[in-house]
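Student: Could we go through this structure together and check each label against its definition?
Tutor: Gladly, ask away.

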Amino acid sequence: MSLGTILLALLVFSLVVIFHEFGHFIVAKYNKVRVIEFSLGMGPRLVSLAKSEAGRKVLFLKSSRYFEEHPEYDDYTVYSWKVLPFGGSCMMLGEEEAMDSENSFSKKSVYARMAIIFAGPFFNFILAFLLALILIGTVGYSSASITMIEQNSPLTAAGVQQGDMIKEINGEKIVVSGEVGFYLALHPMDGSPVEMTLERNGERFTKTVTPVSVQNNDGSQSYKLLFGYGARQKVGAWKTIGYAAYEVKYWISTVVKSLGQMITGHVSRKDVSGPVGIVKIVGSSVNTSMKAGEKTGTSVQNAIFTLINLCIMLTANLGVMNLIPIPALDGGRLVFLIAEWIRRKPLPQKFESYTNTVGFMMLMALMVFILVNDVVNLF
């Protein structure tokens with residue numbers, strides 16, 4: 001992995017994380033909760049800035065606890081950039097334990113606290129939507145049109161033509177090209193007939209095609225339909241907004257379905273990627289897109305659009321993963337708050353602290369596993 005690839009990946013990571021934490025931050029500020037520290041990254045601080053509500057600023061290298069212990073800094077928020085470029089935080093007063101201060105997180109209504117916690121994942125979805133608007137508004141949405149059909153493809157015998165738009169596969173609705181690939185990944189072909197609904201010149205028709213057996217490079221046999229799909233198509237302003245919203249919906253549903261595949265054991269360890277694996281994906285995707293644009297002089301443009309597409313995928317992924325109801329994640333905290341709303345009183349502080357600690361330890365163990373898995377897959 002080159003230094004450039006690592007820097008690009010860190011740029012994508014940073015944008016996704018900072019937008020997530022900004023969601024917590026802005027809604028906390030709106031509800032008059034004191035934010036002790038807003039940080040990008042983990043570990044020791046590289047650069048920090050303390051800013052008061054009155055606008056006074058001071059550069060420093062002290063810990064956020066120092067400011068907690070000095071009343072004269074009560075209205076300050078510490079903004080930090082930390083050494084490890086993964087993760088971030090929005091540390092609020094009274095977040096971990098009940099406090100009497102009126103600007104404490106624990107003093108706010110259960111609705112306000114739910115809004116603050118939910119804002120992080122929700123801002124990830126907002127970022128995905130904004131980036132999708134930029135991408136689709138510039139180069140169009142990724143349509144599920146057929147771009148290539150091999151001579152011995154069963155689609156040729158069925159009368160399918162290049163340019164036909166895929167609308168359904170075995171009853172599964174298709175809107176964007178990613179849904180074709182995801183469906184084929186979840187439903188490997190075994191030689192059984194496949195029913196495809198297509199559209200040509202505004203008219204829909206259905207064809208039933210039978211995959212043919214082909215020999216792979218490693219000598220194994222598999223069934224394929226032998227066609228290519230996916231082409232960017234520009235649309236009007238209203239449709240751009242609609243397709244941008246659908247792009248977010250597509251990635252959210254893809255992440256949810258993928259999690260289901262992991263739980264049921266249909267996804268192997270090699271298919272799981274963490275930070276190192278994502279850096280590798282970013283590098284290979286950017287290099288491929290730049291090579292594809294060498295002949296047309298659009299290498300840089302292709303690389304930018306590839307990064308935007310990866311960022312859409314990552315921010316939607318982070319939003320969904322944070323909503324999983326596991327202690328120490330936003331989803332787990334929302335479960336506690338929903339329980340508080342139902343019970344009309346908070347859960348016991350010891351129970352919440354214990355479960356959050358256990359959840360955090362499990363999360364750290366999972367992160368270590370994913371990191372080791374990334375390194376193993378890398379080699």
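Student: Which helices each supply at least two residues of the lining of the second largest pocket?
Tutor: They are α3 (110-139), α5 (177-186), α6 (237-263) and α8 (299-322). The largest share, six residues, comes from α8. This is a predicted model, where local features need pLDDT of at least 70, side-chain atom pairs count only at pLDDT 80 or more, and totals for chains, interfaces and linings use all residues. Residues are numbered from 1 along each chain as its sequence is written, and side-chain values use heavy atoms, with hydrogens and water left out.

Student: What makes a residue part of the pocket lining?
Tutor: On a 1 Å grid over the protein atoms alone, a pocket is an open set of points with protein on both sides within 12 Å along at least five of seven lines, and a lining residue has an atom within 4 Å of a point. For the second largest pocket, 19 residues line it, and Leu135, Ser142, Arg232, Phe305 and Asn309 lie nearest its centre. Its space is about 400 Å³, where volume is the space filled by probe spheres set on the points, joined across faces, edges and corners.

Student: How many residues of each class are in that lining?
Tutor: There are 10 nonpolar, seven polar and two charged residues. Ala, Val, Leu, Ile, Met, Phe, Trp, Tyr, Cys and Pro count as nonpolar, Asp, Glu, Lys and Arg as charged, and the others, Gly among them, as polar.

Student: Why is threonine 197 called buried?
Tutor: Buried means under 20% relative accessible area, exposed over 50%, and partly exposed in between, with a 1.4 Å probe and protein chains only. Threonine 197 has 10% relative accessibility, so the buried label applies. Threonine 197 lies in strand β7. Leaving out residues up to four places away in sequence, threonine 197 touches Met165, Ile166, Lys167, Glu168, Arg204, Phe205 and Thr206, a contact being heavy atoms within 4.5 Å.

Student: Why does isoleucine 26 count as partly exposed?
Tutor: Its relative accessibility is 33%, so isoleucine 26 falls in the in-between class. Isoleucine 26 sits in helix α1.

Student: What makes asparagine 201 and leucine 226 worth a look?
Tutor: Most residues other than glycine have a negative phi. Asparagine 201, though not a glycine, has a positive phi of about 55°, and phi of leucine 226 is also positive, near 55°. Asparagine 201 is in the loop between β7 (194-200) and β8 (203-209), while leucine 226 is in the loop between β10 (221-224) and β11 (227-233).

Student: Is each of these two buried or exposed?
Tutor: Asparagine 201 has 78% relative accessibility, so it counts as exposed. Leucine 226 has 12%, so it counts as buried.

Student: What makes a set of residues a nonpolar core?
Tutor: The members are buried Ala, Val, Leu, Ile, Met, Phe, Trp, Tyr and Cys residues joined through side-chain atoms within 4.5 Å. The largest such core has 30 residues, and those with the most contacts inside it include Leu131, Ile136 and Tyr250. Elements giving two or more residues to this core are α1 (3-30), α3, α6 and α8. A second, separate core of 16 residues includes Leu155, Ile174, Met196 and Phe227.

Terms used
On a 1 Å grid over the protein atoms alone, a cavity is a set of points where a 1.4 Å probe fits but cannot get out, and a pocket is an open set with protein on both sides within 12 Å along at least five of seven lines; lining residues have an atom within 4 Å of a point. Helices (H or I, at least four residues) and strands (E, at least two) are DSSP runs, numbered from the N terminus.
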